[in-house]
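These are my notebook entries on a single protein chain. I set down each item in the order in which I looked it up.

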Amino acid sequence: MATHHTRAVVVALDPSPMQEQLLRSYCGSSRKAYNWVLELVKDNLNTRVAEQKRGVDEADLTAVMSWSPYSLTPLWVKHQDELAPWHHDVVNYAFRSGITNATTALKNFNESKKGLRKGQRVGFPRFKSRRSKLSITFVETRNQDNWFSEDARHVRLLLPRWATDPLITRHREQLAWIHTTESVRQLGRLVAEKKATIQKVTISFVGGRWQAAFSVRYAEVPASRPVKRRGPLVGVDLGVKHLATLSQPVLGISDEAGHVANPKHLETALVRLARLNRRLARCQKGSSNRTKIVRQRQRLYGRVTKTRDLQLHRLTTTLAGSFDVVAIEDLYVRGMTVKRRSSSTRGLSRSILDASFSELRRQLTYKTADRGHALVVVERFFPSSKMCSNCGETRTKLTLSDRVYECSNCGLSLDRDVNAARNIHREALRLLSITNTVAGNQLETLNAVSRHRETEAPTGVDAGTVTRAESSIHPREQLLSV
Ligand SMILES: [Zn+2]
């Protein structure tokens with residue numbers, strides 16, 4: 001087991017208008033280089049495929065080009081005059097960020113293709129469009145003392161010092177200190193005491209705001225607040241009406257039935273979002289009014305996801321700490337589980353639900369691993385909501401309005417979500433008992449199961465028989481891959 005743990009620390013930024021303009025141009029430059037790499041590699045691969053089709057000998061095929069930043073960066077520098085005639089206006093660093101990001105994406109794609117990578121299959125990286133998320137990554141492992149200002153309210157972007165171009169020197173000064181909306185004192189202290197080192201920082205524009213995500217490497221996992229142990233296993237069903245439903249109520253985060261409430265104001269925010277969407281549809285393209293509404297929508301959306309995120313953190317910390325095993329369902333593709341006034345709010349809550357599901361899984365994965373606990377993921381075609389948690393009878397039809405599960409076989413009458421959570425709980429128990437009979441210790445074998453699964457892709461087998469369990473994927477992989 002690695003002794004280092006990498007975590008992302010996200011800080012909200014408040015750049016000056018001039019800094020913001022600069023950041024935008026840096027993100028654009030990064031995107032340019034990113035797409036350039038993808039295009040180059042794609043061409044190279046396509047040429048080979050075409051040659052193979054023509055029956056060219058293996059030995060005479062066009063060589064596979066190197067995907068390493070060390071060979072791509074000089075290539076970029078050689079051609080940058082034609083590729084980006086404006087390259088003198090930004091620090092070279094911006095292009096390098098794009099090249100590095102593209103090579104990482106290509107590496108993930110390649111490893112996934114060869115079956116060396118856990119998790120979902122990764123396709124060939126997508127080209128970034130003008131509408132893609134603005135982001136740029138600065139890698140800097142030396143100069144650990146220079147990241148934060150004395151007042152802990154500003155962060156610095158470490159642009160290389162060797163550049164002597166006056167324009168670059170000016171940029172360096174302009175981007176030297178970006179105001180943060182919250183204090184970074186705690187992180188600054190850890191870095192100063194050499195308990196943590198910063199690997200890189202990604203600046204991005206998310207939810208209408210700029211943020212800096214520091215990739216921090218801790219010598220040891222920051223101690224988590226001890227929580228009361230509540231049991232061996234809990235099943236979690238993520239929902240729309242409630243943030244989540246637990247198979248066993250946990251006082252403090254859920255009510256007596258096991259429902260974890262949604263963040264306050266979510267409903268109102270969704271209605272406002274839908275209203276903004278309608279206004280946006282009526283707006284003229286390119287009008288200043290449109291820009292204003294887009295900005296408003298970004299911010300509102302950002303606020304909704306942020307509050308939901310905070311709530312999720314509270315939930316996952318408690319669950320990962322209080323139970324030995326947490327069981328969740330694989331990605332939600334349950335179709336229409338939402339019933340709301342307008343179709344646009346429905347679509348919105350849908351996308352928020354999807355986003356929070358992957359976030360829930362990500363958080364649970366590293367939080368359970370940190371505490372030596374495990375996460376079990378039940379396959380998605382497991383009929384958690386259609387099955388009776390008491391007798392196992394499966395109903396063929398379950399409509400949206402059926403908030404209560406009524407079993408015609410045993411007469412059970414239970415809240416729909418609680419029923420689903422209990423089914424997930426039961427399925428996880430079944431999986432664990434299978435792993436146990438295979439080889440003694442449960443927590444260790446969970447990993448073995450997951451590795452085994454990766455090599456043979458599950459195909460349409462009976463619901464509930466194909467399963468995947470995972471426990472201690474190194475948190476770093478998880479964090480950096482999203
Ligand atoms: Zn029943």
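I call a residue buried if 20 or more other C-beta atoms lie within 10 Å of its own, exposed if 12 or fewer do, and partly exposed in between, with C-beta atoms placed from the backbone. The model is a predicted one, in which local features need pLDDT of at least 70 and side-chain atom pairs count only at pLDDT 80 or more, while totals for chains, interfaces and linings use all residues. I number residues from 1 along each chain as its sequence is written.

Entry 1. Overall content.
I take helices (H or I, at least four residues) and strands (E, at least two) as DSSP runs, numbered from the N terminus. On that basis I find eleven helices and 14 strands in the protein. Of its 482 residues, 31% count as buried. I treat two residues as in contact if their C-beta atoms, placed from the backbone, lie within 7 Å. Among contacts in the protein with a separation of 6 or more, 71% join residues 24 or more positions apart.

Entry 2. Helix α6.
Which residues of α6 are buried? I list Ala269, Leu270, Leu273 and Ala274. Seen down the axis of α6, these buried residues fall within an arc of 140 degrees, so they line one face of the helix. The arc is that of the directions from the helix axis to the C-beta atoms. On the other side of α6 I find Thr268, Arg278 and Arg282 exposed. I recall that an α-helix has 3.6 residues a turn, so residues three or four places apart point the same way.
I also checked the length, taking the expected span of a helix as 1.5 Å times one less than its number of residues. The 17 residues of α6 (residues 266-282) should span 24 Å, and the end C-alpha atoms are 25 Å apart, which agrees.

Entry 3. Helix α7.
I repeated the length check on α7 (residues 288-322): its 35 residues should span 51 Å, and its end C-alpha atoms are 51 Å apart, which agrees. The buried residues of α7 include Val304, Arg308, Gln311, Leu312 and Leu315. Thr316, Thr318, Leu319, Ala320 and Ser322 are also buried.

I count two strands as paired if DSSP finds at least two bridges between them. Four strands form an open sheet in the order β1-β6-β5-β2, with antiparallel pairing. β1 (5-13) and β2 stand at the edges, each with a single partner strand, so one side of each is left without a neighbour in the sheet. The twist averages 20 degrees from one strand to the next. For such angles, axes are lines fitted to C-alpha atoms, for helices over the stretch in contact, and values run from 0 to 180 degrees between N-to-C directions.
Strand β2 (residues 135-139) has four of its five residues buried, so it is largely enclosed by the rest of the structure. Five bridges join β2 to the antiparallel strand β5 (residues 196-206). Threonine 137 has threonine 202 as its bridge partner in β5, and phenylalanine 138 stands opposite valine 201. Helix α5 (residues 185-192) lies across β1, β5 and β6 (209-218), running at about 150 degrees to β5.

Entry 4. Nonpolar cores.
I define a nonpolar core as a set of buried Ala, Val, Leu, Ile, Met, Phe, Trp, Tyr and Cys residues joined through C-beta atoms within 7 Å. The largest has 37 residues, and Tyr26, Ala33, Val37, Ala94 and Ile99 have the most contacts inside it. At least two residues each come from α1 (17-54), α2 (69-83), α3 (93-113), β2, β5 and β6. The largest share, nine residues, comes from α1. Leaving aside neighbours within four places in sequence, alanine 33 is in contact with Trp76, Phe95, Gly98 and Ile99. A second, separate core of 31 residues includes Ala320, Ala327, Leu360 and Leu375.

Entry 5. Single residues.
Is valine 325 buried or exposed? Valine 325 is buried, with 24 other C-beta atoms within 10 Å, and is placed in strand β10 (residues 323-329). Its C-alpha atom is separated by 5.9 Å from that of histidine 373, 48 residues apart along the chain.
I noted a positive phi, near 60 degrees, at alanine 152, in the loop between β2 and β3 (154-155). Lysine 194 likewise has phi near 60 degrees, and this residue lies in the loop between α5 and β5. Alanine 152 is partly exposed, with 16 other C-beta atoms within 10 Å, whereas lysine 194, with 9 such neighbours, counts as exposed.
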